[in-house]
Amino acid sequence: MTFKQEIERRRTFGIISHPDAGKTTLTEKLLLFGGAIQEAGAVKNNKIKKTATSDFMEIERQRGISVATSVLAFNYKGKKINILDTPGHKDFAEDTFRTLTAVDSVIVVIDVAKGVEEQTVKLVEVCRMRKIPILVFINKMDREGQDAFDLLDELEQKLGLSVTPLSFPIGMGYDFKGIYNIFEKNINLFSGDSKKNIEETIAFDDVTNPELDKIIGSKAATELRENLELVWGVYPSFDKELYLKGEQQPVFFGSALNNFGVRELLDCFIQIAPTPRSKNAEERLVAANEKEMTGFVFKIHANMDPKHRDRLAFIKIVSGTFERNKPYLHVRNGKNLKFSSPNAFFAEKKEIVDISYPGDIVGLHDTGNFKIGDTLTEGESLHYKGIPSFSPEHFRYINNADPMKSKQLNKGIDQLMDEGVAQLFTLELNGRKVIGTVGALQFEVIQYRLEHEYGAKCSYENFNVHKACWVGTENRKTDEFKEFERVKQKFLAKDKKGQLVFLADSQFSLQMTQQKYPSVKFHFTSEFE
Ligand code: GDP
């Protein structure tokens, strides 16, 4: 196969949803189609289950499982599909945001009864900001849920999407008879038999055909005709270009658990979903079909085995081919690095690969060279954009609890921050360190890992912060800025990159500060220029 063909057959995407909407179940069914697994139940559920927060070993063990499921690759109808795992648990939302920088498109799973939920809103917002093409799968049609049109409205209202249904349900819950596939113009009848992998599909170009009444009954047939009329009247027809630009979102209905409507989703997906896209670096736009290898680190995973301190850095290949034992430039530290055992990930195993293509993810063993966002090239100085930090939700001072081990503590904190476990802020006033996390459980994970991996002890102290705001760099010479710095000195810190951050202690004080110093710009993510 040529380089061009290898690129064109790749589809790298993430499945995002609120926990329990059916992401794991859908992933598993997709893998079944690829023959990647023999039976359902093989995909490890990598959800972080609710445990007592003190049980951090259990949390880490569960997180460890997700290494195996970080990337699931399989072949289907000649296409190479890479599914990137995105943790649904809100404490790991940062992981998911970062993973979204490595996908070329996403499938959003919605629970028909619950509709659009909180996590979905946040994740879709990030996708929309980045113009990532989105396909929606409305799941659990075998259950009673909301009316299909109400759900479509909700997708538009709450997620700001511009939807076009590519399938439409016939009945729902107890009365669920199947779906009309608008994309392929056929009907799939639902048997309710989850073991059946192949559904009964009946071609139906023309739904006015009286045969329809015989197959699904005249009441259901009349209803379907009316519904489709409404769909065609109200929603724009599918436009692949708009979908690829992130301006239109096709919607499918089905039931992942019953493996119903999943084949339709996958068949449409491989036809319309983008091949590896070009990516913006600070210097220029890099196209997938460029000959020279470029890629970036979007995730780092620590080895769960304390005897093996190495980590696994996940690289998304943006252009060129990544080859085993070939030297690549680590742009940030200027070193040339060779990798003797790059890993590729399949449904149930990881394997050493000699060559990987744009769209692929390779896992590299790392002893501390990589940070999230690092770029590898064949010599060009490139910096990929697009891994912003968001304001953490929880903040605490971190103190050294064993003065003999301050070196170990600092190294541990540094490396954990590079992995993206949490964010570090150093106060301008006194140099004290503050850790910010998305979920409260990260504090315990950090404490545990510092002790077990670095032999250091830490303690925490509460620090009341409502939000971290990155301070704009323009107008720093003005009197107003100088006054702001002087008055708010107690609340100013530097992040790991040395950017100035204002740690507002309440929404009120943030508003007051914004009013008082109108020329100082506050940003809610670290990437604003
Ligand atoms: P995740 O948290 O998004 O990964 O959700 P899971 O895939 O673990 O599914 C959550 C629960 O919903 C599980 O108990 C599934 O068996 C169930 N589920 C998933 N898909 C369906 C479906 O199509 N119909 C019904 N009735 N239940 C489903």
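In this predicted model, helix α11 and helix α12 cross in a right-handed sense. Helix α11 covers residues 406-419 and helix α12 covers residues 441-454, and their axes come within 10 Å while crossing at roughly 120 degrees. Angles of 65 to 115 degrees count as roughly perpendicular and those over 145 as roughly antiparallel, and α11 and α12 are therefore oblique to each other.

Is strand β1 enclosed by the rest of the structure, or open to the outside? Of its 8 residues, numbered 10-17, 8 are buried, so the strand is largely enclosed by the rest of the structure. In a regular strand the side chains alternate between the two faces of the sheet. In β1, Arg 10, Thr 12, Gly 14 and Ile 16 point one way, whereas Arg 11, Phe 13, Ile 15 and Ser 17 point the other way, and the residues of both groups are buried.

Strands of a sheet pair through backbone hydrogen bonds, and this pairing may be parallel or antiparallel.

| Strand pair | Sense | Bridges |
|---|---|---|
| β28 and β31 | antiparallel | 2 bridges |

**An open sheet**

The pair β28 and β31 belongs to an open sheet of 8 strands, whose order is β27-β24-β26-β25-β29-β30-β28-β31 and whose pairing is antiparallel. At the edges of this sheet lie β27, residues 458-462, and β31, residues 522-523, each of which pairs on one side only. Strand β28, made up of residues 467-471, meets β31 over 2 bridges, and the bridge partner of Trp 470 is His 523 in β31.

**Around the ligand**

Which residues come nearest to the ligand? Of the 19 residues around the ligand, the nearest are Lys 23, Thr 24, Thr 25, Ser 255 and Leu 257. Helix α2, which covers residues 23-33, gives the most to this shell, contributing 3 residues. Sorted by class, the shell around the ligand is made up of 9 polar residues, 6 charged residues and 4 nonpolar residues.

Notes. Residues numbered from 1 in each chain as written. Predicted model: local features only at pLDDT ≥ 70, side-chain atom pairs only at ≥ 80, totals over all residues. Near = placed C-beta within 6 Å. Helix = DSSP H or I, 4+ residues; strand = E, 2+ residues; numbered from the N terminus. Nonpolar A, V, L, I, M, F, W, Y, C, P; charged D, E, K, R; others polar. Pairing = 2+ DSSP bridges. Buried ≥ 20, exposed ≤ 12 C-beta atoms within 10 Å, placed from the backbone. Axes fitted to C-alpha atoms, helices over the stretch in contact; angles between N-to-C directions. Parallel < 35°, antiparallel > 145°, perpendicular 65-115°, else oblique. Left-handed = near helix turned anticlockwise from the far one by under 90°.
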